[in-house]
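Q: I am new to this structure and would like to learn how to read it. Could you walk me through it, one feature at a time?

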Amino acid sequence: MDKVKVIEIKQSVFSANDKQADALRAELKEKGIFLLNLMSSPGSGKTTTLTKTIEALKDEFKIGVMEADIDSDVDAKRIALTGAKAIQLHTGGMCHLDAGMTRQGLEGLDTSDVELAILENVGNLVCPAEFDTGATKNAMILSVPEGEDKPLKYPLMFSICDVVLINKIDVMPYFDFDLEQCKKNIRMRNPRAEIIPICAKTGEGIEQWAAWLRTQVKAARGEA
Amino acid sequence: MHELGIVFSIIDTIEDIAKEQNLSEVSSVTLQVGEVSTVIPRYLEDCWKWAVKKTEIMKECKLIHEPIEAITFCEDCEKTYRTVDFGKTCPHCGSENTYLVVGNEVQIKEIEAL
């Protein structure tokens, strides 16, 4: 009879994913591809924001979009209408994408002619924050109807984002939304995050957001 | 299901270790779960029971929890406090200039194996 032995591991459960994510990030850097991981609650306007973003940047960069959802392909169809390359990923019930799924998605998208790749993560403020996708940068959208207290309730999501877009600012007066308080709440969680108020519907703020992305994509391509 | 992803992640890690160390069977995994890790042990347990059945070397593997208390440190008054009771705001001086020292980790501490 073999003897049972105790083996000390002392390893985070996320470390396997973190390793895969770092490897993917390094490969993307090597290829000069910028991958944005876009996260938010359901209904915050991710797909509308993306279509406006693509319109603003499609003459400058070749763009590819991966739409991740539990089911359906309505988002990928909407993105395809802009002329950008788009594929739909199904997570099969999972509430987030991990680095392995992101890699599969990129292979499916075929990034050989893509300079700006965007992953629209599953609409959820909890789980996507835990699993590093391997993206170059993380962005999230907080929409006005959700309320300015979300950074307090979902601290991890806000702490890992490089940029926070505050969307639907056109309806601020109807929701008693305090923009300054919202910015304060975000900065409390993450002093480094860039905060850009936008309205995807009217196009307000989209130029500033596109400028941020432009700088990032050029940096990934080794252009100043 | 956030917990399901974590369970898959644990199983991947253990299977890699088993391969490296030539283990034939893993009978238990001890997991340290921080109080503010956003992982719910009861859900984790349910996912675990389902997922290990699909493995080769972990079919009967038990999952053992060890909770870790969450502690936050205040940079202004340099005291610590229980995160779960007071959140981001220091109960000693009222500052929000605080950070979590321990309590958001989900870590595989050890395994028992043949």
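A: Gladly! Let us start with pairing: two strands pair if DSSP finds at least two bridges between them. Keep in mind that this is a predicted model. Here, strand 1 (residues 5-12) of chain A and strand 6 of chain B pair over six bridges, in the antiparallel sense.

Q: Which residue of strand 6 of chain B stands opposite E8(A)?
A: To read a pairing in detail, look across from one strand to its partner. Opposite E8(A) stands E110(B), in strand 6 of chain B.

Q: How many residues of each chain are in contact between chain A and chain B?
A: Count each side separately. On the chain B side there are 25 residues, and they are in contact with 25 residues of chain A. Two elements of chain B give two or more residues to its side: helix 1 (2-21) and strand 6 (106-113). Helix 1 of chain B provides the largest share, ten residues. By kind, the residues on this side of chain B divide into ten nonpolar, eight polar and seven charged.

Q: What is the strand order in the open sheet of chain A?
A: In chain A, an open sheet of seven strands has the order 4-3-5-2-6-7-8, with parallel pairing. Strand 4 (85-90) and strand 8 (194-197) of chain A are at the edges with a single partner strand each, so one side of each has no neighbour in the sheet. On average, neighbouring strands of this sheet are turned by 20° against each other, direction ignored.

Q: How many bridges join strand 6 and strand 7 of chain A?
A: Here you can follow a parallel pair. Strand 6 (residues 137-143) and strand 7 (residues 163-167) of chain A are joined by five bridges. Within this pair, S143(A) stands opposite N167(A).

Q: Which strands does helix 4 of chain A touch?
A: For a helix packed on a sheet, note the strands it touches and then the angle. Helix 4 (residues 99-109) of chain A touches strand 3 (63-69), strand 4 and strand 5 (116-120) of chain A, and its direction makes about 145° with that of strand 4. Helix 9 (residues 206-220) of chain A also packs on the sheet, where it touches strand 2 (34-40), strand 5, strand 6, strand 7 and strand 8 of chain A. The direction of helix 9 makes about 140° with that of strand 8 of chain A.

Q: In what order do the elements of chain B run?
A: Chain B has three helices and six strands, and its elements run α-β-α-β-β-β-α-β-β. The radius of gyration of chain B is 18 Å, well over the 13 Å that the globule rule gives for 114 residues, so chain B is more spread out than a compact globule. Buried residues make up 31% of the 114 residues in chain B.

Q: Where is C77(B) found?
A: To place a single residue, find its element and then its contacts. C77(B) sits in the loop between strand 3 (71-74) and strand 4 (80-82) of chain B. With 15 other C-beta atoms within 10 Å, C77(B) is partly exposed. Leaving aside neighbours within four places in sequence, C77(B) is in contact with C90(B), H92(B), C93(B) and S95(B). Between the C-alpha atoms of C77(B) and E66(B), eleven residues apart along the chain, the separation is 30 Å.

Conventions
Residues are numbered from 1 along each chain as its sequence is written. Chains are lettered from A and ligands numbered from 1 in the order in which they are written. This is a predicted model: local features need pLDDT of at least 70, side-chain atom pairs count only at pLDDT 80 or more; totals for chains, interfaces and linings use all residues. Two residues are in contact if their C-beta atoms, placed from the backbone, lie within 7 Å. Helices (H or I, at least four residues) and strands (E, at least two) are DSSP runs, numbered from the N terminus. Ala, Val, Leu, Ile, Met, Phe, Trp, Tyr, Cys and Pro count as nonpolar, Asp, Glu, Lys and Arg as charged, and the others, Gly among them, as polar. Axes are lines fitted to C-alpha atoms, for helices over the stretch in contact, and angles run from 0 to 180 degrees between N-to-C directions. The radius of gyration is taken over C-alpha atoms; the globule rule is 2.2 Å times the number of residues to the power 0.38. A residue is buried if 20 or more other C-beta atoms lie within 10 Å of its own, exposed if 12 or fewer, and partly exposed in between; C-beta atoms are placed from the backbone.
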